[in-house]
Amino acid sequence: MSSTHDRTAWLEGGNACCTTPPHQTNRPYRLLLLGAPGVGKGTQAELLCERLGTCHLSTGDVFRVAKCDASGELSPAMQEALTYMKRGDLVPDRTVLEMIRERARCLRCTGGFLLDGFPRTLTQAEALTTILDAENIRLDNVLNYELPIEKIVERLSGRRTCTGCKAVFHITARPPKVENKCDHCGHALYRRDDDRPEAILVRMKVYQESTKPLLDYYAQRGLLLTIMAEGTPEETCERTMERLNVIGI
Ligand code: AMP
């Protein structure tokens with residue numbers, strides 16, 4: 001989540017609108033984040049959005065918001081998607097792509113975007129290329145975060161997410177100011193179903209099989225920047241800014 005942006009249009013889809021206009025910037029960045037679960041993409045997304053003024057478009061957040069929907073109006077496709085998510089499996093491409101097409105205006109946003117968690121398969125990557133080409137939108141870079149597996153497990157098991165705004169914390173590396181309470185909106189923190197050990201194993205396997213091929217896809221297009229995600233989130237963010245050649249923000 002990005003504390004500086006209202007993401008209503010992205011999180012709710014349909015006709016929902018953001019109440020605040022996009023951040024005014026001379027240089028709207030359009031980036032994708034890749035990396036195994038637990039490398040810290042969500043945290044980097046928050047830090048980068050604050051620094052670059054872009055909006056954090058996370059597909060996982062859309063599913064988590066739908067999961068909390070109390071209106072009982074979820075479409076059958078969304079209900080099915082949530083059962084995949086709970087197991088740690090990928091939601092079928094057709095459901096994810098329908099969701100993205102419904103939110104294509106967020107890709108046109110003049111503030112730019114930072115896509116997190118999408119694309120996750122080659123089919124999704126190819127569909128995204130088609131959508132962006134049709135809109136004449138150019139991706140700046142694809143950021144690929146890497147971390148040794150032991151560190152990934154440590155990060156995932158200590159991760160806590162806000163029930164309200166979906167901000168991400170870690171019980172030791174990035175604790176909230178007040179235990180179990182979100183620094184941004186004050187809602188309670190929780191451990192995601194898919195951060196439990198059984199689901200973590202499924203997600204790592206899914207990543208190896210489905211998402212890793214995307215690295216070649218974007219390397220061939222000259223867009224891939226691989227960044228080590230060791231150290232503090234701020235250090236990783238600084239490394240990212242250097243790789244993006246962003247100076248003085
Ligand atoms: P994330 O927060 O990105 O780790 O996403 C949480 C879960 O949502 C994943 O484990 C999947 O079940 C589902 N999900 C999110 N994005 C996608 C996607 N692009 N394709 C398929 N499933 C997704």
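The following paragraphs lead from the ligand site of this structure to its backbone features and then to a few single residues.

This is a predicted model, in which local features need pLDDT of at least 70 and side-chain atom pairs count only at pLDDT 80 or more, while totals for chains, interfaces and linings use all residues. Residues are numbered from 1 along each chain as its sequence is written, and side-chain values use heavy atoms, with hydrogens and water left out.

Which atoms of the protein lie 2.8 Å from an oxygen atom or a nitrogen atom of the ligand? A polar side-chain atom of Arg-64 lies at that distance, 2.8 Å, from an oxygen atom of the ligand, and a backbone N or O atom of Gly-117 lies 2.8 Å from a nitrogen atom of the ligand. Arg-192 also takes part, with a polar side-chain atom 3.2 Å from an oxygen atom of the ligand. Taken alone, the ligand exposes 480 Å², and the protein buries 95% of that, the areas coming from the Shrake-Rupley method with a 1.4 Å probe.

The backbone has some features that deserve a careful look. Most residues other than glycine have a negative phi, and most peptide bonds are trans. The peptide bond from Phe-118 to Pro-119, however, is cis, with omega near 0°, and Pro-119 is found in the loop between strand 3 (113–116) and helix 7 (122–135). Asn-136, in the loop between helix 7 and strand 4 (141–146), has a positive phi, near 60°. Lys-166, in the loop between strand 5 (159–162) and strand 6 (168–170), likewise has a positive phi, near 75°.

Are these two residues, Asn-136 and Lys-166, buried or exposed? Asn-136 is exposed because its relative accessible area is 73%, whereas Lys-166 is buried because its relative accessible area is 2%; the cut-offs are under 20% for buried and over 50% for exposed, with partly exposed in between (1.4 Å probe, protein chains only).

Cys-55 belongs to strand 2 (residues 55–58) and counts as buried, because its relative accessibility is 12%; its C-alpha atom is separated by 27 Å from that of Met-204, 149 residues apart along the chain. Asp-193 has its place in the loop between strand 7 (189–190) and helix 9 (197–211) and is partly exposed, with a relative accessible area of 26%. The C-alpha atoms of Asp-193 and His-56, which are 137 residues apart along the chain, are separated by 22 Å. Arg-243, finally, is in helix 11 (residues 233–243) and counts as partly exposed at 39% relative accessibility.

Notes. A polar contact is a pair of N or O atoms within 3.5 Å; within protein, one must be able to donate a hydrogen and the other to accept it, and residues adjacent in sequence count only if both atoms are side-chain atoms. Helices (H or I, at least four residues) and strands (E, at least two) are DSSP runs, numbered from the N terminus.
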